[in-house]
Amino acid sequence: MPQSSDLDIPVINVSDLVSGTGNPHEVAAKIGHACREYGFFYIIGHGVDEELQQQLEKVSHQFFAQDIETKQQINMSRGGRAWRGYFPVGGELTSGKPDIKEGIYFGAELQDDHALVKAGTPLHGSNLFPTNIPQMRELVLNYTGAMTRLGHSLMTGISLSLGLEESFFATHYTSDPLILFRIFNYPAPSLNPETESSWGVGEHTDYGMLTILRQDMSGGLQVKIKSQWIAAPPIPNSFVCNIGDMLDRITGGHYLSTPHRVWNPTNHNRLSFAFFFDPNFSAPVKPIKINGQVKDNKKERWDNASVHEFSGTYGDYLLGKVSKVFPQLRRKVL
Ligand SMILES: O=C(O)CCC(=O)C(=O)O
Ligand SMILES: [Fe+2]
């Protein structure tokens, strides 16, 4: 680990963006700098109710502490094409290796009569909530509501930071954002991932636009910046934000989709709450004109793939990735 403090991930107070008062341009400039140099930043002053977060954390501990049979009652196999529900430890792979984590997948709560659900669109539908922990439903829906509002505010900052109209992303990409929300539990004790090659989540980049992560106080998140792994330790009352592949693509690589990985360095379980604020499923993803050349971090990337070679909608990109692991999510051939 480098000792140099110039590799510290920036902490940005976003209250002026969220409240729409004060100086959003100053906040946007800080976000722009962080996106160019790190692809990661912490936010404080985000306005998301701390009590709500703590209650969600409490019921999540309650859920994961149950026996496996009870948790399996909402297994992902029951979520069908909506891609919702519980997966057990080892049930998800990163680069072909099983992750040492379990979790629950949630998304926007859409009923069967919603047009996209009726059309059989993958990743759209209703959630699987645990019936034996009834509070979880309302907490998850309140939390995803608050995070969706926060996502919209941050996207205005990202628009401004690129010298675009503040509504640029809302107009072209996120009028109906694809929302994925995952609660993860990384059990303890963990093996040393450096020697045992067993990560909670192996090295990867996120697929979409913007990820907003709440991590508990355990630590263990690492970010690959300028070829070095650095720690992104928990900071009370903050969220960690990072850029996904689509924003990297749209900005010609000027905003980096930065590789990261996680393990549990403690002797108790580690919880995290990953909220993915991603483009509309049907939005065509196209680069904007930006000064300077396209920057391709293909060589730095875990998959040695270039996001700049992709063309199509966000749905095409996402399904191309996840249907390798979940073949049932392939598009229906009409
Ligand atoms: O659990 C974490 O801290 C991060 C999870 C993550 O990187 C992901 O789900 O994409
Ligand atoms: Fe991630």
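Over how many bridges do strand β10 and β11 pair? Strand β10 (residues 221-225) pairs with β11 in the antiparallel sense over 4 bridges.

## Basis of the model

This is a predicted model, in which local features need pLDDT of at least 70, side-chain atom pairs count only at pLDDT 80 or more, and totals for chains, interfaces and linings use all residues. Residues are numbered from 1 along each chain as its sequence is written, while chains are lettered from A and ligands numbered from 1 in the order in which they are written.

## The open sheet

The order β8-β13-β10-β11 describes an open sheet of 4 strands with antiparallel pairing (strands are DSSP runs of E, at least two residues, numbered from the N terminus; two strands pair if DSSP finds at least two bridges between them). At the edges stand β8 (201-204) and β11 (228-231), each with a single partner strand, so one side of each has no neighbour in the sheet.

Within the pairing of β10 and β11, glutamine 222 has alanine 231 of β11 as its bridge partner.

## Helix α2

Helix α2 (residues 24-37) has 14 residues and should span 20 Å at 1.5 Å a residue, which agrees with the 20 Å between its end C-alpha atoms (helices are DSSP runs of H or I, at least four residues; the expected span is 1.5 Å times one less than the number of residues). After α2 comes glycine 39, with a positive phi near 75°.

The buried residues of α2 are Pro24, Val27, Ala28, Ile31, Ala34 and Cys35 (buried: 20 or more other C-beta atoms, placed from the backbone, within 10 Å of the residue's own). Seen down the axis of α2, these residues fall within an arc of 125°, so they line one face of the helix (the arc is that of the directions from the helix axis to the C-beta atoms).

Definitions and conventions
Buried ≥ 20, exposed ≤ 12 C-beta atoms within 10 Å, placed from the backbone.
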